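Please guide me through reading a cavity and a domain interface in a protein model.

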Amino acid sequence: MTDDLLRVHGGHPLRGEIRVRGAKNLVSKAMVAALLGDSPSQLHDVPRIRDVEVVRGLLELHGVKVTEQADSLVLDPSNVDTAKVDEINVHAGSSRIPILFCGPLLHRLGHAFIPDLGGCHIGDRPIDFHLAALRQFGAIVDKAPEGLHLTAPGGLHGTKFELPYPSVGATEQVLLTAVRAEGVTELRNAAVEPEIVDLICALQKMGAIIKVHTDRVIEIEGVPRLRGYNHRPIPDRLEAASWACAALATHGDITVRGARQVDMMTFLNVFTAVGGAFEVDDAPGGGVRFWHPGEELRPVAIETDVHPGFMTDWQQPLVVALTQARGLSIVHETVYERRLGYTDALNAMGATIQLYRDCLGGTPCRFGRRDFKHSAVIAGPSKLHAADLVIPDLRGGFSHLIAALAAEGNSTVYGVSLIHRGYEDFEAKLTALGAAVSA
Ligand code: EPZ
């Protein structure tokens, strides 16, 4: 398939300006939230990525009228209706977002069908927290070969729930269900990522009453009706960090318009420790400029974590930059048990990365003393050479692309359509940054 590969002539610094738009991991959830309103919602700065297309398709199957206005989507849920199981299965594709339709569809229709979930293969990614929470709200879950059928014969009622781990998706599940459940819900050990706070802002605009307490406690007072929202999402801090790492790995200089310092503070600390330079432009339309200042990069020891820790999605692009640092870097991945598989390809390109089952360099995590190679030691600097690469998952795939751009010579990267799930127009952005790439 010629349209699913990218030929990269690497070894040149990426220089110039690109722009990031609304965060993928907020936009897709805010689109689902529109189901809860009794009037249309308007979402601005929506990136053209595959995850948005998938959610749009699923909403349309359920009777939501979706119209585009410049870079915004208007989502009208006046005629929400049941969708056919086989059509849902066809449209859900590779996304994990369908699981978040449970609460809103139970409120709107009294029943919901959720297909088998896709998403990146970076761990088992169970949905046990989601189902336990939904059952506590009063949902009945029937598992069938084609997916999950949910009903709520007695309605959905507020509840007290403590997450075993601060899961982003399960926190969103509770929010999207509790806002219209009868009574008060208290969620303990909630995730508080900026995308979740932004979802809370959109829900608040709809009329929801949500209090975020200290110590990861969120309290939601259910209301009988919600209206549509008008919302401009936070920018995509994951995409911004990916470009920052591309600047570092290629000795480049990239200004990411739309990126905000406040969402990236933890990343910026590590970026600085490695030896990267940045400059913030706070003016409207501003962004963050990231560059390699010329001196040799330094190794770091990091541990991925839930917010406000170092995001797991920042890990893969950073590791490519760490292959260029002098000395030993340590990365302990504590969010997903299998998120280091992409390093095999980097080793094949000349990197020296050794994986370990132990929890290296930090506090023991859930994956320690089990069969998961979830720590990495990266020895650098390594001269990367061109290779043929097959994209394994979204972030791992983008890091392969960065490695190909950093390596001298001609690489071919296969399966790049996966990157379209979360990176808008990345081929055009690469060209704008001076990369020699072609389909
Ligand atoms: C979201 O995934 C993001 N995806 C991920 O980004 C991100 O890496 C992750 O949060 C962590 O920040 C979207 O927002 C669409 P989790 P999510 O529930 O919600 C375990 C990307 O590349 N868990 O916080 O699926 C789970 O296995 C993607 O943009 C359970 O055990 O992540 C994992 O180890 C990849 N049971 C941990 O919790 C459950 O029921 C965190 O997962 C739910 C989760």
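Q: From which domains does the lining of the largest cavity draw at least three residues each?
A: A cavity is a set of points on a 1 Å grid over the protein atoms alone where a 1.4 Å probe fits but cannot get out, and lining residues have an atom within 4 Å of a point. In this predicted model, the lining of the largest cavity takes at least three residues from each of domain 1 (5-20 + 235-438) and domain 2 (24-231). These bounds come from an automatic or database domain assignment. This is a predicted model, in which local features need pLDDT of at least 70, side-chain atom pairs count only at pLDDT 80 or more, and totals for chains, interfaces and linings use all residues. Residues are numbered from 1 along each chain as its sequence is written, and side-chain values use heavy atoms, with hydrogens and water left out.

Q: Which residues line the largest cavity?
A: The lining consists of Arg21, Gly22, Lys24, Pro47, Ile49, Asp236, Glu239, Gly422 and Glu424. By class, 2 are nonpolar, 2 polar and 5 charged, where Asp, Glu, Lys and Arg count as charged, Ala, Val, Leu, Ile, Met, Phe, Trp, Tyr, Cys and Pro as nonpolar, and the others, Gly among them, as polar.

Q: How many residues of each domain are in contact?
A: Contact means heavy atoms within 4.5 Å. Here 24 residues of domain 1 touch 25 residues of domain 2 in this sense.

Q: How many salt bridges are counted between domain 1 and domain 2?
A: A salt bridge places a side-chain nitrogen of Lys or Arg within 4 Å of a carboxyl oxygen of Asp or Glu. Between domain 1 and domain 2 the count is 3. Asp51 and Arg421 form a salt bridge through their side chains, at 3.0 Å from N to O.

Notes. On a 1 Å grid over the protein atoms alone, a cavity is a set of points where a 1.4 Å probe fits but cannot get out, and a pocket is an open set with protein on both sides within 12 Å along at least five of seven lines; lining residues have an atom within 4 Å of a point.
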